[in-house]
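Have the sequence and the 3D view open while reading.

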Amino acid sequence: MADKKQNRRNNNRNNNMDEDYNPKFRKMRKKVCALCSDPNLVLDYKNADQLRKFVNEKGKILPRRATGACAKHQRDITVAVKRARHIAVLPYSEN
Ligand SMILES: [Zn+2]
């Protein structure tokens with residue numbers, strides 16, 4: 001019982017810079033899907049420069065948490081990148 005109290009006091013001391021800081025639930029701004037917000041932006045599997053924003057330096061497709069795309073558009077991105085790989089516009093892997 002006494003230990004619990006002591007722990008809480010220690011935690012409070014560690015967190016006194018940011019009252020409710022929790023590394024598990026870091027506050028971050030919600031990303032808006034780039035393809036939803038810009039209706040003129042159309043994914044094209046022949047446009048390597050456009051698709052390069054959705055793959056990392058190894059050529060892997062970035063997850064939704066990185067691209068910020070909605071489920072529907074992440075699916076479109078995935079299909080576009082895979083088509084681009086098939087016609088050798090994008091690499092399957094770098095190195
Ligand atoms: Zn979207």
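The mean pLDDT of the chain is 83, and 75% of the residues score at least 70; pLDDT is the predictor's confidence in each residue, on a scale from 0 to 100. The model is predicted, and local features need a pLDDT of at least 70, side-chain atom pairs count only at pLDDT 80 or more, while totals for chains, interfaces and linings use all residues. Residue numbers start from 1 along each chain as its sequence is written.

**Overall make-up**

The chain has 5 helices and 0 strands, in the order α-α-α-α-α along the sequence. Helices (H or I, at least four residues) and strands (E, at least two) are DSSP runs, numbered from the N terminus. Of the 95 residues in the chain, 12% are buried. A residue is buried if 20 or more other C-beta atoms lie within 10 Å of its own, exposed if 12 or fewer, and partly exposed in between, with C-beta atoms placed from the backbone.

Two residues are in contact if their C-beta atoms, placed from the backbone, lie within 7 Å. Among contacts between residues at least 6 apart in sequence, 64% join residues at least 24 apart.

The buried residues of helix 5 are His73, Ile77, Ala80, Val81 and Ala84. Seen down the helix axis, they fall within an arc of 100 degrees, so they line one face of helix 5. The arc is that of the directions from the helix axis to the C-beta atoms. The buried residues pack against helix 2 (34–37), helix 3 (48–51) and helix 4 (64–67). On the face turned away from the buried side are the exposed residues Ala71, Lys72, Arg75, Val79 and His86.

The largest nonpolar core has 9 residues: Leu51, Phe54, Val55, Ala69, Ile77, Ala80, Val81, Ala84 and Leu90. Helix 5 (residues 71–86) gives the largest share of this core, 4 residues. A nonpolar core is a set of buried Ala, Val, Leu, Ile, Met, Phe, Trp, Tyr and Cys residues joined through C-beta atoms within 7 Å. In soluble globular proteins, nonpolar side chains tend to be buried together. Ala80 is in contact with Leu43, Tyr45 and Leu51, leaving aside its neighbours within four places in sequence.

Arg83 is found in helix 5, and its C-alpha atom is 8.4 Å from that of Lys46, 37 residues apart along the chain. Ala88 and Asn95 are in the segment after helix 5. The table gives the C-beta counts.

| Residue | Other C-beta atoms within 10 Å | Class |
|---|---|---|
| Arg83 | 16 | partly exposed |
| Ala88 | 9 | exposed |
| Asn95 | 6 | exposed |

Most residues other than glycine have a negative phi. Ala88, not a glycine, has a positive phi near 65 degrees. Asn95 is not a glycine either, and its phi is positive, about 75 degrees.
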